Amino acid sequence: MRVTKTAVIQAASDIADEKGLNNVSLKVVAERLNIRTPSLYNHIENLDDLLREVAHNGMHTMNQRMAQAAIGKSGDTAIKAVAIEYLNYMIEHCGIYETIQWATWHGTDETAKIFCEYTDLLKTLILSCHLGTENVSEILNLLTGFLHGYTTLQLRYAFSDPQKVRTELTIALDTVLAGIHYKYDSE
C-alpha cells in the first residue's frame, strides 16, 4: 500500500486523539503506517510540520462544524450553537484540539488565516446580536476567552457526562451573554 501525505496526517491525528499530543512522534506515526521513519520525509519536513498539518486539518473541520451549527440561527441562539459544537469537537478530538492549541504558539501565517475564519464567524454572530460594530472586538475577546477557558477546564468531566457539560456550558454562556447585553444594549 502506498502511503500518502493524507494518510500520514490521519495517522498522526489518530495517535493524538488516542494517546495525546505528547505521544505523537515520527517513529510512532511510521510504525502505525508500517513504514520506516525516513519514509515520512517524502511527505513532511519534520515533526513540527506534521503537527501543524494535523492542527490545520482540525481547525478547518472545527470551523466547518461550527459554521454548520450556526446555519439558520442568529444572535444568542447561534452563539450557543457554535459554543456547543466547539465543545463537541473537543470531546470527540481532544488530541487534535491539544495540537491546535500547540499550533497557536508554533503556527504559521496559514495557522493565523484559519484562526481568522473562526473569529470571523463569531464576529458575524456578534453583529447579529445588534450590539454595535464598535463593540465587536471587545465582545469577541470575551467570548473566545470564555469559550476556550470554560471548555478546556470542563473537558475532563465531558468524557464521563457530556450532556451535563453541554447543559452547564449553555447556562454559563447565558450568564455571559446576559452581561454582554446588559452592558452593550444600554449604550
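Mentor: In this predicted model, the largest nonpolar core holds 63 residues, and Val29, Leu50 and Leu143 touch the most other members. Two or more residues are given to this core by each of helix H1 (5–19), helix H2 (26–33), helix H3 (47–70), H4, H5, H6, H7 and H8. The most comes from H4, which gives 10 residues.

Leaving aside residues up to four places away in sequence, Leu143 touches Ile79, Ile126, Leu173, Val176, Leu177 and Ile180. Leu143 is also one of the buried residues of H7, a list that includes Val136, Ile139, Leu140, Phe146, Leu147, Tyr150 and Leu155. Thr144, Thr151 and Gln154 are likewise among the buried residues of H7. The buried residues of this helix pack against H4, helix H5 (94–106), H6 and helix H8 (162–185). Helix H7, which spans residues 136–158, has a kink of about 35 degrees centred on Thr152.

Helix H4 (residues 75–92) and helix H6 (residues 109–127) meet at an angle of about 155 degrees, and their axes are 8 Å apart. Angles over 145 degrees count as roughly antiparallel, and H4 and H6 are therefore roughly antiparallel to each other. On the H4 side, the contact is made by Gly75, Ala78, Ile79, Val82 and Tyr86; on the H6 side, it is made by Tyr118, Leu121, Leu122, Leu125 and Ile126. By class, nine residues of this contact are nonpolar, one is polar and none is charged. Ile79 and Ile126, which take part in this contact, are also touched by Leu143.

Helix H6 contains a further residue of interest, Thr111. Its relative accessible area is 5%, and because buried means under 20%, Thr111 is buried. Not counting residues up to four places away in sequence, Thr111 touches His56, Met59 and Ala103.

Two loop residues present a contrast in exposure. Asn34 is found in the loop between H2 and H3, and with a relative accessible area of 71% it is exposed. His130 lies in the loop between H6 and H7 and counts as exposed at 69% relative accessibility. Neither residue is a glycine, but each has a positive phi: about 60 degrees for Asn34 and about 55 degrees for His130.

Definitions and conventions. Residues are numbered from 1 along each chain as its sequence is written. This is a predicted model: local features need pLDDT of at least 70, side-chain atom pairs count only at pLDDT 80 or more; totals for chains, interfaces and linings use all residues. Side-chain values use heavy atoms; hydrogens and water are left out. Axes are lines fitted to C-alpha atoms, for helices over the stretch in contact, and angles run from 0 to 180 degrees between N-to-C directions. Helices (H or I, at least four residues) and strands (E, at least two) are DSSP runs, numbered from the N terminus. Angles under 35 degrees count as roughly parallel, over 145 as roughly antiparallel, 65 to 115 as roughly perpendicular and the rest as oblique. Contact means heavy atoms within 4.5 Å. Ala, Val, Leu, Ile, Met, Phe, Trp, Tyr, Cys and Pro count as nonpolar, Asp, Glu, Lys and Arg as charged, and the others, Gly among them, as polar. The bend at a residue is the angle between axes fitted to the seven residues ending there and the seven starting there. Buried means under 20% relative accessible area, exposed over 50%, partly exposed in between (1.4 Å probe, protein chains only). A nonpolar core is a set of buried Ala, Val, Leu, Ile, Met, Phe, Trp, Tyr and Cys residues joined through side-chain atoms within 4.5 Å.
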